[in-house]
Amino acid sequence: MSVAETSAPALRRPVTAQQRWGRIGIYAFLGVMTVFFLLPLYVMIVTSLKTMDEIRLGQIFALPVRPTLEAWATAWSSACTGLDCTGLRIGFWNSVQILIPSVILSILLGALNGYALSFWKVRGANLLFACLLLGAFMPYQVFIYPLVRFYAQAGIYGSLPGIVLTHVIFGMPVMTLLFRNYYSGLPTELFKAARVDGAGFWAIFLTIILPMSVPITIVAVIMQVTAIWNDFLLGLVFAGRENLPMTVQLNNIVNTTTGERAYNVNMAATILTSLVPLAVYLGSGRWFVRGIASGAVKG
């Protein structure tokens, strides 16, 4: 037996009563916070599974006596948004058509900008980066009217390319910040060696930088999917009547009432709208933490 193994038990200090109570307090606090944040979700789920007769009883925390998915089917296929009673399914596919190109283009442009600002010291790079940072922290409302006028003159207002371009524009500053800070932590020797070997801008980016960008790319995908899918204001203003995203249709369903308000349908519609970002968080949460820890906030 080695000296380290024999001395290991002696190095372990007994847990004091103060430390034990401190741990108990931490776990109790985490438990209370878990219940606090999960309670609304529980209420939404059980309400969506109840009939309106059960909901009228006012027992908001009670489990459904006869669970039914009728409210979910109504929310998806036949809930009314004004005079249109087609549910959320059209809004879902509109959101998918908006989401995929917006995420890909905004991340690609952010990676290119971050790569150029980190390794290619072009003239005015610091000024450009400052302008991008300024755009990241300015409220959307400042840009809405100029963009509406510009899109109207360009003929893309109220169209799918218009709303995709809007998400790319507003997502590019944050994506540039993420990728620039990540790339600033990469070894510059790889970049210099590639330059010596004769590799150009695109060759270095595609063969060296991009394969090393997997952690921060996952972080960027999570952020953009969540932001674009949950967007309401930009979709309402720029998407047009034929391309309204799921969030706008959810608002229309909740605020459209003819007679009795169907709380079970409203709850089911809300859960359906939040399933995509929820699935992204649950499926890639550990990758998000790993990407942040590997350099997303450095620089």
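At what angle do H5 and helix H10 (residues 201–209) pack, and how far apart are their axes? The model is predicted, with local features requiring pLDDT of at least 70 and side-chain atom pairs pLDDT 80 or more, while totals for chains, interfaces and linings use all residues. Residues are numbered from 1 along each chain as its sequence is written, and side-chain values use heavy atoms, leaving out hydrogens and water.

**View 1. Packing of H5 with H10.** The two helices (DSSP runs of H or I, at least four residues, numbered from the N terminus) pack at about 110°, with axes 12 Å apart; axes are lines fitted to C-alpha atoms over the stretch in contact, and angles run from 0 to 180 degrees between N-to-C directions. H5 is therefore roughly perpendicular (65 to 115 degrees) to H10. Ala111, Leu112, Tyr115, Ala116 and Phe119 of H5 meet Phe201, Trp202, Ile204, Phe205 and Ile209 of H10, where contact means heavy atoms within 4.5 Å.

**View 2. Packing of H5 with H11.** Helix H5 (residues 89–119) packs against helix H11 (residues 214–229) at about 145°, their axes lying 10 Å apart. Among the H5 residues that meet H11 are Phe92, Val96 and Leu99; the H11 residues meeting H5 include Ala220, Val221 and Val225.

**View 3. Surroundings of Ile209.** Leaving aside neighbours within four places in sequence, Ile209 is in contact with Tyr115, Phe119, Tyr183, Leu186 and Ile204. Ile209 is also one of the residues with the most contacts inside the largest nonpolar core, which has 53 residues. Such a core is a set of buried (under 20% relative accessible area, 1.4 Å probe, protein chains only) Ala, Val, Leu, Ile, Met, Phe, Trp, Tyr and Cys residues joined through side-chain atoms within 4.5 Å.

Methods:
Angles under 35 degrees count as roughly parallel, over 145 as roughly antiparallel, 65 to 115 as roughly perpendicular and the rest as oblique. Buried means under 20% relative accessible area, exposed over 50%, partly exposed in between (1.4 Å probe, protein chains only).
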